[in-house]
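This report describes selected features of a predicted model.

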Amino acid sequence: MSAFRMPSLGADMDDGTLVEWMKQPGDHVRRGDAIAAVETQKGAIEIESFETGVLDDIRVQVGEKVPVGTVLAMIRTDGEAESTAPSAPPTPPSPPAGEPARTSVPSVPAPASAAGSIGNVRITPAARQRARERGIDMATVARGPDGVIGLREVDAAASSAGPSRAPAAAKPGLDLAEMRKAIAAAMARSWREIPHYFVRSVLDMEPMLAWLEQRNADRPVAGRLHYAVPLIKATALALKAVPVLNGQRDDDGGFRPADAVHLGIAIALRGGGLVAPAILDAERLDLDTLMQRLDDLVRRVRTGRLRSSEMTAATATFSNLGEHTADALQPVIYPPQVAIVGCGCIAERPWAEANALSVRRTLEVTVGGDHRVSDGRSAARLLNDLARRLSHPEQL
Amino acid sequence: MNDTELEQQIRDALYSVAPDLADQPLDPAQPFRDQFDFDSMDFMHFITELARRTGVQVPERDYPQLATLSGALAYVRGQRA
């Protein structure tokens, strides 16, 4: 029997609200299956199982908000008998059994609580979202026995308010003000604790873009690659080649280099907000698969749900400012990672090479590194490796 | 297919990529990018949806012509003529 717990999905998460059980007691679950959805400051996240077995005993109901580490359910691993005791006493927070060795994050005082407030009334993000969807004025909602307005209180107000009004068309479960608090908390902590250094180069994108344009010209719209895809693949391969930039720091301040490159991709939301879920094993995916993963990730960031592994596994982050933006991006590391790669927009620049001057499409790439783990020469190696790979796009 | 129907198909493609835009005013002459924080991935998804709905495969070099609603309407109309 093993415990399925509320995981920590980021440096700044204290608690989460359970919004859906995706499996029911008695259902067979495999390691990696999404079992429950939890609402966080970064939207609703699907929590995956670390065990294979049968979901046995659900201990937290939909709408309840519980701290990180709380047992949500028990999973009976194959071969075990059904439990007779319906619920065991609560156990202290600890990582789920069977979780792969991974850095967890030292706890810091979190300035932002997961519940927002109007005056002195605390309101959970789920409650706020539901109130918005149903057109309920928060001022008319009575607070619950614990002084907090949750889903139950909003539902009670909704049923007394009569028929609901038209829902607001936003991503379900997402409060941009809460997300901003989460970003602020993570970035303030990063800037306070990580002695950053930055190294940058302007890279010639002409060979990669010319290759890509030719490749895309022969394909229907749905089979084309976005230019970010070869860039992501090349970055992942370059990170693999410079292990001191790819991994996570653990609680004791030690650095654990990662075997694979789980590349966090910074994805913006319309209206503000940023999430950087990981594409797992990015260095091993072919370009078409990588395109599909990126497509899927962008769609889910903006209109769907992310998964817990995507929120915690990143070994480095890639942030691409994109077309029609600005020349360069000086990125801030996302703890517990130790490096981040920031790209400006592709722009024509004068290019001097072999005693000749030409105009080429170029990209300014900035690597932010953690001086506790590496120094500027490592980042320079990464940039040179990236440049070399982009000059041979057919090998990506 | 008349212009009203074509425009609806273009809007449907747009809103399938960005459902949150469906209840917002849309200026037909202003680029989606400037009106809505629409990035190049959104645009690529839009072109893909448009191809699925109208059968029009837009080559990459023509992408700038579809940056606005009126531009997209003129382009799709031209391709189907």
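**Sheets of chain A**

One open sheet of chain A has five strands, arranged in the order E7-E2-E4-E5-E19, and its pairing is mixed. Its edges are strand E7 (65-67) and strand E19 (306-307) of chain A, each of which pairs on one side only. Within this sheet, strand E2 (residues 15-21) of chain A is joined to E7(A) by three bridges in the antiparallel sense. One residue pair here is Asp15(A), whose bridge partner in E7(A) is Pro67(A).

A further open sheet of chain A contains four strands in the order E1-E8-E6-E3, with antiparallel pairing. Strand E1 (2-5) and E3 of chain A lie at its edges, and each pairs on one side only. Strand E6 (residues 53-58) of chain A pairs with strand E8 (residues 71-77) of chain A through five bridges, in the antiparallel sense. Strand E3 (residues 28-29) of chain A also runs antiparallel to E6(A), and two bridges join them.

| Residue | Bridge partner | Strand of the partner |
|---|---|---|
| Asp15(A) | Pro67(A) | E7(A) |
| His28(A) | Val54(A) | E6(A) |
| Leu55(A) | Ile75(A) | E8(A) |
| Ile58(A) | Ala73(A) | E8(A) |

How many of the six residues of strand E6 of chain A are buried? Six of the six are buried, so strand E6 (residues 53-58) of chain A is largely enclosed by the rest of the structure.

**Chain A as a whole**

Eight helices and 23 strands make up the secondary structure of chain A. Of the 396 residues in chain A, 52% are buried. Taking contacts in chain A between residues at least 6 apart in sequence, 65% join residues at least 24 apart.

Arg349(A) is placed in strand E22 (residues 347-353) of chain A. Its relative accessibility is 17%, and because buried means under 20%, Arg349(A) counts as buried. Leaving out residues up to four places away in sequence, Arg349(A) touches Val202(A), Asp327(A), Ser358(A), Val359(A), Arg360(A), Thr362(A), Leu363(A) and Glu364(A).

Glu178(A) belongs to helix H3 (residues 176-193) of chain A. With 3% relative accessibility, Glu178(A) also counts as buried. Glu178(A) and Thr40(A) are 138 residues apart along the chain, and their C-alpha atoms are separated by 8.7 Å.

**A helix pair in chain B**

In chain B, the axes of helix H1 (residues 3-17) and helix H3 (residues 40-54) come within 8 Å and cross at roughly 135 degrees. H1(B) and H3(B) are therefore oblique to each other. The crossing of these two helices, H1(B) and H3(B), is right-handed. On the H1(B) side the contact is made by Gln9(B), Ile10(B), Asp12(B), Ala13(B), Leu14(B), Ser16(B) and Val17(B). On the H3(B) side, Asp42(B), His45(B), Phe46(B), Glu49(B), Leu50(B), Arg53(B) and Thr54(B) take part. The residues in the contact of H1(B) with H3(B) comprise six nonpolar, four polar and four charged.

Terms used
Residues numbered from 1 in each chain as written. Chains lettered and ligands numbered in written order. Predicted model: local features only at pLDDT ≥ 70, side-chain atom pairs only at ≥ 80, totals over all residues. Heavy atoms only, no water. Pairing = 2+ DSSP bridges. Axes fitted to C-alpha atoms, helices over the stretch in contact; angles between N-to-C directions. Parallel < 35°, antiparallel > 145°, perpendicular 65-115°, else oblique. Left-handed = near helix turned anticlockwise from the far one by under 90°. Contact = heavy atoms within 4.5 Å. Nonpolar A, V, L, I, M, F, W, Y, C, P; charged D, E, K, R; others polar. Buried < 20%, exposed > 50% of the residue type's maximum accessible area, 1.4 Å probe, protein only.
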